[in-house]
Amino acid sequence: MKILLTAINAKYIHSNLAVYSLKAYSQDEGVELAEYTINQRSEDILMDIYKRRPDVLCFSCYIWNLDVVEELVRELGKLMPDLAIWLGGPEVSYDAKDVLCRLPMVRGVMKGEGEETFAELCKIYRCCKHTDGELENLAGITFRRADGTVIENPWREVMDLSKVPFVYQHIEDFEHKIVYYESSRGCPFSCSYCLSSVDKRLRFRNLELVKQELQFFLDHKVPQVKFVDRTFNCKHDHAIAIWKYIAEHDNGITNFHFEVAADLLNEEELKILEGMRPGLVQLEIGVQSTNPETIRAIRRTMDFGKVSEVVARIQKKGNIHQHLDLIAGLPYEDIQSFAHSFDDVYALKPEQLQLGFLKVLKGSYMEEQQKAYGLEHKSRPPYEVLYTKWLSYEDVIRLKGIEEMVEVYYNSRQFTHTIEALEQEYTSSFEMYDRLWEYYEEKGYGSVQHKRSARYDILLSYILYHHPKKVQYYRELLTYDYYLRENAKTRPEFAGEYKVSKEELRTFYENEEEKRKYLVNYQAYDRNQMRKMTHLEYFSCFGKYILFDYMEKNPLNQEARTCVADFQDLHRK
């Protein structure tokens, strides 16, 4: 009897914590795992599953993979009519009966937490050949009897999170993958768009167990551990204990990602965060909207004033990457209101600003309010908003374009200084990105895949069109941004003529080889090697020679260290 647990991830670098937890908890050596991605051809996945010849096949279902899963299920039902197919995960738990009606080849759905349910299901298939009588006594499932009748069993009581096994003993299997870790389940909040609000039973993993497992990651120098806790800092002593531990045991390599409510961070937590190594921790903060009426309507608790203070304080220290989120399509938020929310959050200057779109999840309170909100969404996953009573589809299209511009010109961190200067030309940051997207649309750039260097050329052409008197100023800012991130030996076209002469370069690196005035950590390198490992640029708008040092990059944004070179160090006396 072969039982195959199958995950179809959004990207290759992702791993599916759920299927690993189910397998580990079941303690069934006959359970196998298979992981694929939505970028693979469904035909290739189909063939691979068929060649594995499972007797029981279980899929982990989410909004990003449900279409692929349903396609595979339909084809497998034709190829292997005796195969027992089970589905689980948030995308099928809340409408299990409907799932079975539209997928007659599926035997059943595991609802909610799956560890205990899956373990018992394995025992049933091993011992009883999945008789209806045994399945009728299994909590946490909806299944199809042999006569076709669909039976909805009650949901299972939640389990002690500390009983879930640690799944990373063979950490080598997760090389080049993001490692996900869970120290709590549930959420204290009731946000109307989120399924975490459906289950209020918040539980925490034993702290001593957590510390042992974090030490395992540290000992193995795992590059990144991403906590999947919905609001990591909702229990202060839990968060403090974990943050203290990783700060005290920092290996200089591992990065930890947390989703937090910034307005809940207290003084002790902030002091711990401020003392951490740059790059040790990154924080994701869901703001979603700054419209008070919207915040009330989505049943969210947030003090944006406090959020702003905390984000600014953390940013001032400069050691923690902050990722802030907004959601378009929420109730009572029209395009003007969203623009205001955008400007509010953008002004905080997070390292990343994610402009997302409302997804109407099955089982959520938002789904119940569709009629009241005049809310229409796509029929297939991810059920993204099309329009609302306040936001038209034309507005959604416009915001999609602005989202792309933010991704390209802000979140890439490749145009930092240019964009900061360009913002000053507009009444708001939202207007700037809106105008930039209009330019992309006019020129037909929006539907084209562009190389990185082409993005610089396009931005410079936009500036030439809208701000022709400042082209040289922005050309030099673009050049500065370019060399901050890349030690390019081929000069990009947008940068124009190189203004440092061969004689100036030779003099500078000869002096540096002798004095090590700017490159103190280059003792092992001669003048030619130093020249290859750095870049020297003259900026006429600023009247300065800038040296870019690529050995000493900022661990937070990966920008090169820069310093102003004195004129006399480039010219012989």
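User: Which helix holds lysine 316?

Analyst: Lysine 316 sits in helix α12, residues 304-317. Helices (H or I, at least four residues) and strands (E, at least two) are DSSP runs, numbered from the N terminus. Before we go on, please note that this is a predicted model, where local features need pLDDT of at least 70, side-chain atom pairs count only at pLDDT 80 or more, and totals for chains, interfaces and linings use all residues. Residues are numbered from 1 along each chain as its sequence is written, and side-chain values use heavy atoms, with hydrogens and water left out.

User: Is lysine 316 buried or exposed?

Analyst: The general idea is a scale of relative accessible area: buried is under 20%, exposed is over 50%, and partly exposed is in between (1.4 Å probe, protein chains only). Lysine 316 counts as exposed because its relative accessibility is 78%.

User: What about threonine 117, buried or exposed?

Analyst: Threonine 117 has a relative accessible area of 0%, so it is buried. This residue belongs to helix α6, residues 115-127. To see its surroundings, look for contacts, meaning heavy atoms within 4.5 Å. Leaving aside residues up to four places away in sequence, threonine 117 touches Met110, Leu138, Ala139, Gly140, Ile141 and Arg156.

User: How do I read the protein chain as a whole?

Analyst: Start with the elements: the protein chain has 22 helices and 20 strands. Its C-alpha trace spans about 95 × 55 × 50 Å along the principal axes. The radius of gyration is taken over C-alpha atoms, and the globule rule is 2.2 Å times the number of residues to the power 0.38. For 573 residues a compact globule would come near 25 Å, so the 27 Å of the protein chain agrees. Of those 573 residues, 53% count as buried. Among contacts between residues at least 6 apart in sequence, 69% join residues at least 24 apart.

User: How many cavities of 30 Å³ or more are there?

Analyst: Rolling a probe the size of a water molecule over the atoms shows where empty space is left. On a 1 Å grid over the protein atoms alone, a cavity is a set of points where a 1.4 Å probe fits but cannot get out; a pocket is an open set with protein on both sides within 12 Å along at least five of seven lines; lining residues have an atom within 4 Å of a point. Grid points are joined across faces, edges and corners, and a volume is the space filled by probe spheres set on the points. By this rule there are three cavities of 30 Å³ or more. The largest cavity has a volume of about 110 Å³. Its lining has 13 residues, and Leu17, Val164, Pro165, Tyr181 and Glu182 are the closest to its centre.

User: What is the volume of the second largest cavity, and which element gives the largest share of its lining?

Analyst: The second largest cavity holds about 50 Å³ of space. Helix α20 gives the largest share of its lining, four residues. Among the lining residues are Gln472, Arg475 and Tyr538.

User: And which residues lie nearest the centre of the second largest pocket?

Analyst: Glu351, Arg413, Thr416, Glu420 and Asn557 do, out of 18 lining residues. About 340 Å³ of space lies in this second largest pocket, and α17 supplies the largest share of the lining, four residues.
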